[in-house]
2 protein chains.
Amino acid sequence: MQKIILHEDIMAMETRFRANFINSLTGFKSLGLIGTKSAKNQTNLAIFNSLVHLGAHPPYIAFVVRPDSVERHTLANILETGFYTINHVNFGNYKQAHQTSARYPKEISEFDATGLEYEYKADFYAPFVKTSVVQLGVQFKERINIALNNTILLIGEIRLVFYPESGLSADGYIDIEKSGSLCGSGLDTYHSTNRLNRLAYAKPGSLPQTM
Amino acid sequence: MQKIILHEDIMAMETRFRANFINSLTGFKSLGLIGTKSAKNQTNLAIFNSLVHLGAHPPYIAFVVRPDSVERHTLANILETGFYTINHVNFGNYKQAHQTSARYPKEISEFDATGLEYEYKADFYAPFVKTSVVQLGVQFKERINIALNNTILLIGEIRLVFYPESGLSADGYIDIEKSGSLCGSGLDTYHSTNRLNRLAYAKPGSLPQTM
């Protein structure tokens with residue numbers, strides 16, 4: 001049975017109830033652990049569920065930051081140093097990934113606090129999450145302030161990608177399900193996936209074809 | 001075995017290969033069918049995989065538009081009329097949803113072309129997708145031009161929500177897996193989900209707790 005809720009009902013909800021409700025409406029979410037290091041070598045790690053593809057050429061990826069939240073350390077380090085990593089969340093690290101959302105003080109690294117191991121490689125400035133199978137090294141490009149609700153869209157350019165060799169298809173698609181990446185729903189729920197279908201490029205007049 | 005790809009390798013990829021590759025890197029994606037109607041009553045429907053939660057109070061949702069793609073009809077209608085719907089993609093409608101990405105001429109409605117039924121309700125201007133279990137009525141709030149790569153972030157305010165009564169938890173979370181919503185990967189792959197866990201609000205010092 002479908003029910004309706006109107007804008008005024010949403011505005012009248014209790015704060016936490018509303019956060020859960022509205023966060024369910026965008027559908028399943030991309031999850032990424034964003035790793036940074038301050039100019040003073042203090043590492044930071046935070047989970048984000050707002051990753052969005054912005055373009056392939058050049059390769060841009062964006063995410064939303066709330067400056068009044070635990071995300072502020074991530075933001076500060078990115079603006080200070082210009083580099084960060086985005087690491088997929090998977091079955092082996094999702095509980096620790098969730099724990100990075102706790103409000104640790106700035107002098108505590110979420111790598112240490114959660115037990116997630118970091119690694120440095122390919123001379124990239126920011127730390128990668130060792131247990132993530134897909135890891136991106138990203139360079140900050142632009143900060144867009146969204147005055148409507150004091151959020152920020154942070155845009156970065158992908159400088160390097162670590163990916164599972166066995167997951168790469170002949171046409172460039174990476175099977176992130178096979179490599180164990182998870183998705184999220186709401187603010188706190190984690191899901192694995194079952195591939196239903198890969199569909200060919202859609203053209204008028206033909207029906208969707210399985211690849 | 002993990003492999004590395006550098007920025008210059010990405011820039012040198014064949015266009016379609018690069019699109020598949022880079023679109024795999026953001027992780028699983030939110031899927032939404034966006035329904036619009038022009039001032040001349042021409043309906044339009046298009047699938048988007050860039051939905052992002054922007055805030056709960058007030059309830060804002062955003063998505064990315066590429067003005068040179070089939071998405072331009074959606075954009076034109078939203079700017080012209082101010083209203084649109086966002087409808088979850090599920091097992092029963094994902095093939096038709098994918099087919100909305102074909103380049104139909106402006107005078108053809110993707111509702112007609114794909115066989116997806118529309119419905120009007122609650123006096124909302126734009127058409128909903130009848131087979132979607134979660135349906136949002138959204139009012140346009142702001143267009144943010146991203147000069148970096150000529151994309152647009154469109155921000156809307158949620159005016160009304162149709163949701164499955166049986167999926168709503170006592171704390172506001174909607175079980176979109178139970179109601180059959182799907183997620184996407186890459187440009188063309190559809191997945192159902194298996195909930196692994198719902199984890200309690202994270203606090204420093206404690207381990208992640210199952211709710």
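View 1. A:R103 is partly exposed, with a relative accessible area of 47%; here buried means under 20%, exposed over 50%, and partly exposed in between (1.4 Å probe, protein chains only). This is a predicted model, so local features need pLDDT of at least 70, side-chain atom pairs count only at pLDDT 80 or more, and totals for chains, interfaces and linings use all residues. Residues are numbered from 1 along each chain as its sequence is written, chains are lettered from A and ligands numbered from 1 in written order, and side-chain values use heavy atoms, with hydrogens and water left out. You'll find A:R103 in the loop between α4 (94-99) and α5 (110-114) of chain A; helices (H or I, at least four residues) and strands (E, at least two) are DSSP runs, numbered from the N terminus. Together with A:K40, A:R72 and A:K106, A:R103 forms a positive surface patch. Patch members have over 30% relative accessible area and no salt bridge, with like charges joined within 9 Å and nonpolar side chains (Val, Leu, Ile, Met, Phe, Trp, Tyr) within 5 Å.

**View 2. Helix α2 of chain B, mostly covered.** Eight of the eleven residues in this helix (15-25) are buried, among them B:F21, whose relative accessible area is 0%. Between the C-alpha atoms of B:F21 and B:I10, eleven residues apart along the chain, there's a separation of 8.7 Å. At the helix start, a side-chain oxygen of B:E14 comes within 3.1 Å of the backbone nitrogen of B:R16. Just past the helix, B:G27 has a positive phi of about 85°.

**View 3. A salt bridge between the chains.** A:R198 and B:D188 join side chains in a salt bridge (2.9 Å, N to O); that term means a side-chain nitrogen of Lys or Arg within 4 Å of a carboxyl oxygen of Asp or Glu. The pair crosses from strand β13 (residues 189-198) of chain A to the loop between β12 and β13 (189-198) of chain B. Both A:R198 and B:D188 are buried, and A:D171 is linked with them in a network of salt bridges.

**View 4. B:K141 meets B:E157.** In this salt bridge, the closest N and O atoms are 3.7 Å apart. B:K141 sits in strand β10 (residues 135-146) and B:E157 in strand β11 of chain B, so the pair ties together parts 16 residues apart in sequence. B:K141 is partly exposed at 37%, while B:E157 is buried at 8%.

Conventions:
Accessible areas come from the Shrake-Rupley method with a 1.4 Å probe; for residues, only the protein chains shown count as cover. Lys and Arg count as positive and Asp and Glu as negative; His and the chain ends are not counted. The place of a charge is taken as NZ of Lys, CZ of Arg, CG of Asp or CD of Glu. A polar contact is a pair of N or O atoms within 3.5 Å; within protein, one must be able to donate a hydrogen and the other to accept it, and residues adjacent in sequence count only if both atoms are side-chain atoms.
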